[in-house]
There are 2 protein chains.
Amino acid sequence: MVEYVEKQIKKVDVWKLKTYVCKVKPMDIFTGKNIIVLNKSEAQEHDIYSGYRTEMRHDGRSAVVIVDVSDEIVEPGEVGVFRDLASWHKLKKGDTVEIVHMDRPESIGYIKKKLDKEALRESEIKTIVKEIMQDKLSEIETSAWITGAYINGLSDEEIIALAHATVESGEQLNLGKHPIVDKHCIGGVAGNRTTMVMVPIIAAAGLYMPKTSSRSITSASGTADTMEVLSNVTFSIEELRSIVLKAKGAIVWGGGMKLAPVDDRLIRIRHPLSLDPEGMLLASILGKKKSVGAESIIIDVPVGRGVKVPYVERGNELAKHFIRIGDKMNMKIEALITDGAEPVGNGVGPGLECVDVLEVLQGSGPDDLRHKSLLMAGKLLELSGKVDRGKGYAAAEGIVNSGKAMAKFMEIVELQGGNPKLKVSDIALGSYTHTVTSDAAGSIFHIDNKTMSKIARIAGAPRDKGAGVLIHRVRGDRVDVGDKVFTIFAESEAKLDFALKALKDLEPIEMRKMLLGSVK
Amino acid sequence: MVEYVEKQIKKVDVWKLKTYVCKVKPMDIFTGKNIIVLNKSEAQEHDIYSGYRTEMRHDGRSAVVIVDVSDEIVEPGEVGVFRDLASWHKLKKGDTVEIVHMDRPESIGYIKKKLDKEALRESEIKTIVKEIMQDKLSEIETSAWITGAYINGLSDEEIIALAHATVESGEQLNLGKHPIVDKHCIGGVAGNRTTMVMVPIIAAAGLYMPKTSSRSITSASGTADTMEVLSNVTFSIEELRSIVLKAKGAIVWGGGMKLAPVDDRLIRIRHPLSLDPEGMLLASILGKKKSVGAESIIIDVPVGRGVKVPYVERGNELAKHFIRIGDKMNMKIEALITDGAEPVGNGVGPGLECVDVLEVLQGSGPDDLRHKSLLMAGKLLELSGKVDRGKGYAAAEGIVNSGKAMAKFMEIVELQGGNPKLKVSDIALGSYTHTVTSDAAGSIFHIDNKTMSKIARIAGAPRDKGAGVLIHRVRGDRVDVGDKVFTIFAESEAKLDFALKALKDLEPIEMRKMLLGSVK
């Protein structure tokens, strides 16, 4: 049967025969996708229909493009090229391009294998990542890949292959022979800006920490959004390298550079269904860490109501998985299971979070943010071998108390183009505010991450840097009628109004009560 | 815990507060999707980004739309509306529409349940189908639903719910108290035009057979493409009803009417990965049959190399599954496992297949098409109770030999707007032909469905009705050097040339040989 099987697998490029030539008509539409518009009748003649992917060739270069068709806006012999594609490929009106049928992506067979519960080889996973980067896979196909990985799981070997392919999908930061460390948080906790406290502590201790952070997708602020209050965060890899070689630390936006770029494409597909296949999460995070050369890494795994990991037991499993994969990729990992049920710090929103961070670096600030940051920085100092086991927390605290962490932070702010003389009082907060007070006496049972984040977002965060929520109380606090509980900040009256309207349907603070419900 | 859970589930329409108003700027681009273009900065102000789905409201109506953004082609206060959407909603330049944040589709939670291997309730499946029809689910989400159903399977209860939801997704054909029968083929066999022979036999026998067929997606011709050589095939449900009430039979394009329309949307997503979850296949086919009121149905399950079902055992399982689900939906089903390894009939391509059908109806024509059609028609006569078990084949043969089937066919052709006096010699075939002859003596071992279909398609089928392949030999035939094997027909020299070029890389006919391969 050997020969038959080979014959069926043999690929025949018969459609390639149908190449045709068009002249470019630029169209000013931005879509974030490589879209071309072909004349409908002419495209049909070549067996090309709306939604097809084809190759467009010009001047020795080739792009995978998605086809729209129209009988009116493009004549036969013309191809409408959307703005993103035209600028990317430097195409101008009248340029001649070739439209060529695209091969069926090789990955489709491998995705099908995963759906059929077969193990994928390293080369197959690399092909999937490569073809996603080449834009050869549609959203339909990529969604099937992620769904397959979610349902059928990825083996450790597959995760490692995916992590390496993630590294290879982009550029890498080469800092030379320095001790490089990093941290990552699984996310979901409002106001959790430990990164901005940890990086200066670690850098002041002499380790290199080239931290890349994300912007918010649905929350009130990402670390990159918050850091942006104080400095630029968009840098090239070369610029990041230069900052880190000077200051030993940096806090930049990861999406601004080409580190592990396949990850951004996958996140866009994973996001609508909140699909986080564990193997992809691990490959994504550890791939990014590998891309910056990190050797020792602290992973923050917040656990509790409303965050990704609901129970400690599950947190422990995930932690062990991180350590196992990290080990096989030559990275030392320690995962900390942290209480993630409530926001960390007082502020939720870029400007308010900056206030918290600066205060902590000055030795005051919210207890929870201070304690968590010192704990994590201490563990990282221990993990990297910089200080002995059990002495990390005190070392981190010493660096903050000596003022070295604050000085280091301002050095980083300056290298990233910010004002190193900036004070807490210089941070502009929204001037439209509303303070919510307690309408009953009792004790605070729960402050909800997602709800607080939602209110801050409706008030304008993260785009309006001064918008957000300042929480005056923590869980367990006793309050009396009329006590301040939280204050909403907005940069316009309209947005404050949006937030107040939303508040009517939301319950960001729950008071303790005995009767939780009655089931009949 | 009851109350907490309820609180977390409670949906808050806070984004709805952010409704904004725009004036329509029509844009002449056809995309097959509901796309609008918003001013980028203005959209951001309202937390709307490229790729988001939002609601657009106008004049009491509402549409779910996909957002593109541009700073240049639309000013703040304008919304670019693509042609399909504008004409569908009768929007013209300057009309005022409201842009409203859309709720997260309810289905997303149910899709996630399926991914997590939980059983779905009937109401949950109905919601998924409803939201697909409302265009509320993106391709990413629909792909996850299909992938989940593929990997985790659908229970009989889920399949039945999906079949009923499929029926309810569209309109239904109501023929009153007549005995209604139908047939369906799983597909994959080139030239397999049994429907066009069966319908007139069954209708001539006094049963009602309102057959809806598909057009080709990737093959050389679908039954609707082939029937279109002789008559119209695009009718409304009312028109179909009127034809069937007169002639008892019809052969029309199913996509032209609103029977089970959700199916077309699912097929578009299933197609790129060739994902055919068995449960969806059953729900789709039986939902369509239920939509036309069929009571007795013959299912043709072709088995063999290169078709969907490779082995008889697998065919038997699928057949039993059809019967089980049909039984619970009050439809009597008999599934026939047929030899599907080679094309049926001599012609592949619309015109050539019509020639085969007309010849069979006149009592001659290719043996395989004649035999298979009579067998299936006979079984359907038996299943419906019209004739006794064991006497169906002879009854069907009698109807053909008496000329009644041919007369009935021409009656249907006329009612569908065709010429009832048309003869075989009137069918226009491509005038550019090339005949492939044997370059060796031997016997024919295999004629490949997919390859023959591909050659016919490259030669222009199904759009060029006269294009296709005429196969002169069947499996097992002995041939000598120079004997004609098959002839390619095309309507233009260029297309014949495409097909000949393609032929160099294809092997549509395999000769018998002893040594099949050598493994070292």
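Chain A of this predicted model has a mean pLDDT of 90, and 96% of its residues reach 70 or more. A stretch to treat with care is residues 1-14 of chain A, where the pLDDT is below 50, although this stretch still has 15 contacts in the model beyond near neighbours in sequence. Where pLDDT is low, the predicted coordinates should not be read in detail. For the model as a whole, the scores are ipTM 0.85 and pTM 0.87.

**Overall build of chain A**

- Chain A contains 19 helices and 18 strands.
- With a radius of gyration of 26 Å, close to the 24 Å that the globule rule gives for 520 residues, chain A is as compact as a globular protein of that length.
- Along the principal axes, the C-alpha atoms of chain A fill a box of roughly 75 × 60 × 55 Å.
- Buried residues make up 52% of the 520 in chain A.
- Among contacts in chain A with a separation of 6 or more, 79% come from residues 24 or more positions apart.

**Nonpolar cores**

- The largest nonpolar core has 270 residues, and those with the most contacts inside it come from both chains: A:Ile201, A:Ile202 and A:Ala459, together with B:Ile201, B:Ile202 and B:Ala459.
- Another core, of 48 residues, lies apart from the largest one, and its members include A:Phe82, B:Val69, B:Val81 and B:Val100.
- Leaving out residues up to four places away in sequence, A:Ile201 touches A:Ala377, A:Ala396, A:Ile399, A:Val400 and A:Ala405.
- As background, nonpolar side chains in soluble globular proteins tend to be buried together.
- A:Leu375 sits in helix H15 (residues 367-383) of chain A. This leucine, A:Leu375, counts as buried because 20 other C-beta atoms lie within 10 Å, and the cut-off for a buried residue is 20 or more.

**The barrels**

- In chain A, 6 strands close into a barrel in the order S1-S5-S2-S4-S3-S6, with mixed pairing. The twist from one strand to the next averages 45 degrees.
- Within chain A, strand S3 (residues 53-58) and strand S4 (residues 61-70) run antiparallel and are joined by 6 bridges. One pair to look for is A:Glu55, which stands opposite A:Val64 in S4(A).
- Chain B also has a closed barrel of 6 strands, running S1-S5-S2-S4-S3-S6, and its pairing is mixed. Neighbouring strands of this sheet are turned against each other by 45 degrees on average, direction ignored.
- An example of parallel pairing in chain B is strand S2 (residues 35-39) with strand S4 (residues 61-70), joined by 5 bridges. Here B:Val37 has B:Asp68 in S4(B) as its bridge partner.

**Helix H18 of chain A and its surroundings**

- Helix H18 (residues 449-458) of chain A is mostly covered, with 9 of its 10 residues buried. The buried residues of H18(A) include A:Met452, A:Ile455 and A:Ile458, along with A:Lys454 and A:Arg457.
- The packing partners for the buried residues of H18(A) are strands S12 (347-348), S14 (442-447), S15 (468-471) and S17 (484-490), plus helix H19 (493-503), in chain A.
- Just after H18(A) comes A:Gly460, with a positive phi of about 125 degrees.

**Strand S15 of chain A**

- S15(A) is covered on both faces: A:Gly468 and A:Leu470 are buried on one side, and A:Val469 and A:Ile471 on the other.
- S12(A) joins S15(A) through 2 bridges, and the two run antiparallel. In this pairing, A:Val348 stands opposite A:Val469.
- S15(A) also pairs with S17(A), in the antiparallel sense over 4 bridges. Here A:Ile471 has A:Phe486 as its bridge partner in S17(A).

**Strand S17 of chain B**

- Strand S17 (residues 484-490) of chain B is mostly covered, and 5 of its 7 residues are buried.
- S17(B) pairs with strand S13 (residues 432-437) of chain B in the antiparallel sense over 6 bridges, and B:Thr435 stands opposite B:Thr487.
- S17(B) also pairs with strand S15 (residues 468-471) of chain B, in the antiparallel sense over 4 bridges. There, B:Val469 stands opposite B:Ile488 in S17(B).

Key. Residues numbered from 1 in each chain as written. Chains lettered and ligands numbered in written order. Predicted model: local features only at pLDDT ≥ 70, side-chain atom pairs only at ≥ 80, totals over all residues. Core = buried A, V, L, I, M, F, W, Y, C linked by C-beta atoms within 7 Å. Buried ≥ 20, exposed ≤ 12 C-beta atoms within 10 Å, placed from the backbone. Contact = placed C-beta atoms within 7 Å. Pairing = 2+ DSSP bridges. Axes fitted to C-alpha atoms, helices over the stretch in contact; angles between N-to-C directions. Rg over C-alpha atoms; globule rule 2.2 N^0.38 Å. pLDDT = per-residue confidence, 0-100.
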